[in-house]
Amino acid sequence: MNKRAGTLYFFCGRIAAGKTSLARKISAAESAIFFCEDTWLSKLSPGIRSFEAYLDWSRRCRAVMGPLIIQILKSGSSVVLDFGGNTVRERSWVRSLFEAAGSNHVLHYLDIPEEVCLAQLMDRNKNKPEGLYFATTTEEEFRQISAYFQPPSPEEGFNLQTKIVH
């Protein structure tokens, strides 16, 4: 581990679990550089109309951000990565970043029941907080996206902080 490298903080939890709110709090508390995928997508993409288009634009953003995040970590600054680490594949990408930088990491897992997340999503749809790429997400879209969700397992070997809500 590079003694000068910063820490990479990232998140896992269903849509509307509170990942972005927690990411912002940690970024402020740690004076870390905040990367929000929704912000990048809203500024760079011409408009995402499907889940497949989202995946394509997300890959493009990651290709640009990855080397930048590694350099920031190597410089000694910490990074808060507000990207859904919701599948093994997504978490593998994040692992490649902190390993390339020789930095520490913390995976914050928000273990929030699906129905609680759905209720929070409906509230978010009404209030439309700034910085979200999708203005609204329907219950059907929520269910489709939730089908991809994979909680982290101990075998993945992350430094895990879990918040459980029942």
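Tutor: The model is predicted. On that basis the chain holds 6 helices and 5 strands. Their order from the N terminus is β-α-β-α-α-β-α-β-α-α-β.

Take strand 4, residues 104–111. Of its 8 residues, 6 are buried, so the strand is mostly covered, where buried means under 20% relative accessible area. For the chain, the buried share is 45% of 166 residues.

Now its partners. Strand 4 pairs with strand 1, residues 7–12, in the parallel sense. That pairing has 6 bridges. Within it, Val106 of strand 4 stands opposite Tyr9. Strand 4 also runs parallel to strand 5, residues 160–164. Here 5 bridges join the two. His108 stands opposite Gln161 in strand 5.

Next, the setting. Of the chain's contacts with a separation of 6 or more, 79% are between residues 24 or more positions apart. The C-alpha atoms fill a box of roughly 45 × 40 × 30 Å along the principal axes. The radius of gyration is 15 Å, which agrees with the value near 15 Å for a compact globule of 166 residues.

Last, the surface and the charges. The chain exposes about 9100 Å², with 52% of it from carbon and sulfur atoms. There are 20 positive and 18 negative side chains. The centres of these two sets lie 6 Å apart.

Technical notes
Residues are numbered from 1 along each chain as its sequence is written. This is a predicted model: local features need pLDDT of at least 70, side-chain atom pairs count only at pLDDT 80 or more; totals for chains, interfaces and linings use all residues. Side-chain values use heavy atoms; hydrogens and water are left out. Helices (H or I, at least four residues) and strands (E, at least two) are DSSP runs, numbered from the N terminus. The radius of gyration is taken over C-alpha atoms; the globule rule is 2.2 Å times the number of residues to the power 0.38. Buried means under 20% relative accessible area, exposed over 50%, partly exposed in between (1.4 Å probe, protein chains only). Contact means heavy atoms within 4.5 Å. Accessible areas come from the Shrake-Rupley method with a 1.4 Å probe; for residues, only the protein chains shown count as cover. Lys and Arg count as positive and Asp and Glu as negative; His and the chain ends are not counted. The place of a charge is taken as NZ of Lys, CZ of Arg, CG of Asp or CD of Glu. Two strands pair if DSSP finds at least two bridges between them.
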